[in-house]
Amino acid sequence: MNSAPSECTRDNMYPLTYSALSIDVEDGVNILMRDLFNIEIPPTTRVIDNVNILLDLFNENKVRATFFILGEIASTFPSLVRSIASYRHELGVHGYNHDQIHKLTPEQARGNIYKAKALIEDITGEKVYGFRAPAFSIMRNTSWALEVISDLGFKYDSSIVPAKASRYGWPGFDKEILRLELKNGCTLIEVPLSVINFMGKTIPACGGGYLRYFPYSFTRKAFLTITKRRPVIVYLHPYELDKGKYPDYFYDAKATMSLSRRIPLSFYRLNKGTVKRKLELLINEFPFKPIIEIIDDLEKNSVIHVRSF
Ligand SMILES: [Zn+2]
């Protein structure tokens, strides 16, 4: 894959060079069992093992990140939350039990997000500023959630992918970090996920499956392109570093699926062995800081656009 990513932007807003590593802390096993098989199991300790790989990597390289934590992970493993905070990483909220916003009423979303925020703040004794919706589920038809998030006291949201994907995305949304003036009288800073134009499509090239599937040279070119104009917001999940087999009950459940549903599942595991090395390469080449500190930099330099919403 040697084609250079390209993108068009309206102007150069970002005089600083820091990007952000954001991690959505969830357990791949219990999320898959719930979403695919409707089977409820508690989060497994694999999430601890995988987060520890990231904490060691970040600590060795003296880099700090933003961890958006699921409420059920904080409830099950509060010591993991304390451990992440002890390295001075930023903590944010990823919802309570990974219900996507479009599956909730505004009242349910408010209760769900509040519960997770209160729990994480209670565990660490520190205020949480950022929110990321499960599966990037703030889209045009769930934009009401931005008012809920601002009303709950969050300073920023980082849930919008300004591209069209099969299950998420808000095509046409601004690519810049923006201050939204909302109808409820609150403001909320939106930190969109980074996208590039590639082969006629807009894709979130710097995270998740894209980080796994594409070679490092592709990710590096995307970084070089995007950081000319704005920070890169990288996203990943702890399970993307998990090279082990899933528990037998997962494979037993999978065996009951039709072939057409089983095949896409294979992609969940593709190239997991490459993610740690790619992160090392990125950290060695590009500077990173937590999202809240990038926002602070932008505010100090008065370079955040304001948009009525
Ligand atoms: Zn998630």
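Student: Is Ile233 buried or exposed?

Tutor: Happy to start there, with a predicted model in which local features need pLDDT of at least 70, side-chain atom pairs count only at pLDDT 80 or more, and totals for chains, interfaces and linings use all residues. Residues are numbered from 1 along each chain as its sequence is written. A residue is called buried if 20 or more other C-beta atoms, placed from the backbone, lie within 10 Å of its own, exposed if 12 or fewer, and partly exposed in between. Ile233 has 23 other C-beta atoms within 10 Å, so Ile233 is buried.

Student: How far apart in space are Ile233 and Ser19?

Tutor: Ile233 is found in strand β10, a strand being a DSSP run of E with at least two residues, a helix one of H or I with at least four, both numbered from the N terminus. In sequence, Ile233 and Ser19 are 214 residues apart. In space, C-alpha to C-alpha, their separation is 6.1 Å.

Student: Which elements do the buried residues of α11 pack against?

Tutor: Helix α11 spans residues 275-285, and its buried residues are Val275, Leu279 and Leu282. Seen down the helix axis, these fall within an arc of 65 degrees (taken from the directions from the axis to the C-beta atoms), so they line one face of the helix. With contact meaning C-beta atoms, placed from the backbone, within 7 Å, the buried residues of α11 pack against α2, α7, α8 and β10.

Student: Which exposed residues does the face of α11 turned away from its buried side carry?

Tutor: Val275, Leu279 and Leu282 are the buried residues of α11. The face turned away from that buried side carries the exposed residues Arg277, Asn284 and Glu285.

Terms used: Contact = placed C-beta atoms within 7 Å.
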